[in-house]
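Student: I would like to learn how to read aromatic pairs and strands. Please take me through one case.

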Amino acid sequence: ISCWGEAQLEASRLSAHRFVDLAATLETICGITAQGALHCFGADLGMPEPGHRFTAISGGAEHFCALSEDGHPLCWGANTEGQSHPPEGLVLSQVSAGHFHSCGIDTDGQARCWGRNAEGQSNPPEHLRFRTISSGWAHSCGLDAAGRAHCWGCEGRHSDLNVGDACSPPTSQLTAISAGDLWRSCALDTHGEPVCWGGMPRIGG
């Protein structure tokens, strides 16, 4: 792990390890080693029960979700909206921790979400199958098998804030997607160019 800023000193203590995945929350960083072991530093958000080997991890604002070797999601940290409490028996191929919610893709390619749903961010379209997914601050996005973007969770967007529509992605083919904060989303097109939509205007233009 290479870190800069406040995390630099603590990360140096893990220099003997080699990691295959890494995630950060506001004040905590966790990584998974090649052996599936979990190491965290920074603010204490707790840890999952011992005895698991992990393959992937994702960090939200104050919680983490990771996939065990058998595909079961384990989440820990803040659980004020149920973001750290995935449905029982869920098996996922991918997981993404958002601000107050989390999402994943099950073995059939269907998006599954849990946690806060005031804006509809935990209510994915059931008729679609996804190959990648991203949970943001108050919305979620995913790419289907054809590379088309689909986003949900903009039901509570305040029109008086002059917010762009984060749930109206471009119709072009995309290769990667990220649902961000403040109703903005970005993606990469097939040429590697970034494409962004939604979001609040910056103060001063």
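Tutor: Start with Phe64, which is buried at 0% relative accessibility. Buried means under 20% relative accessible area, exposed over 50%, and partly exposed in between, with a 1.4 Å probe and protein chains only. This is a predicted model, in which local features need pLDDT of at least 70, side-chain atom pairs count only at pLDDT 80 or more, and totals for chains, interfaces and linings use all residues. Residues are numbered from 1 along each chain as its sequence is written, and side-chain values use heavy atoms, leaving out hydrogens and water.

Student: In which sense do strand 5 and strand 6 run?

Tutor: Two strands pair if DSSP finds at least two bridges between them. Strand 5 and strand 6 run antiparallel, joined by 5 bridges. Phe64 stands opposite Trp76, and Trp76 is buried at 5% relative accessibility.

Student: Why do the rings of Phe64 and Trp76 count as stacked?

Tutor: Rings of Phe, Tyr and Trp (its six-membered ring) pair if their centres lie within 6.5 Å; planes under 30 degrees apart count as stacked, over 60 as edge-to-face and the rest as tilted. The count here is 3 aromatic pairs. For Phe64 and Trp76 the centres are 5.6 Å apart and the planes at 25°, so this pair is stacked.

Definitions and conventions
Helices (H or I, at least four residues) and strands (E, at least two) are DSSP runs, numbered from the N terminus.
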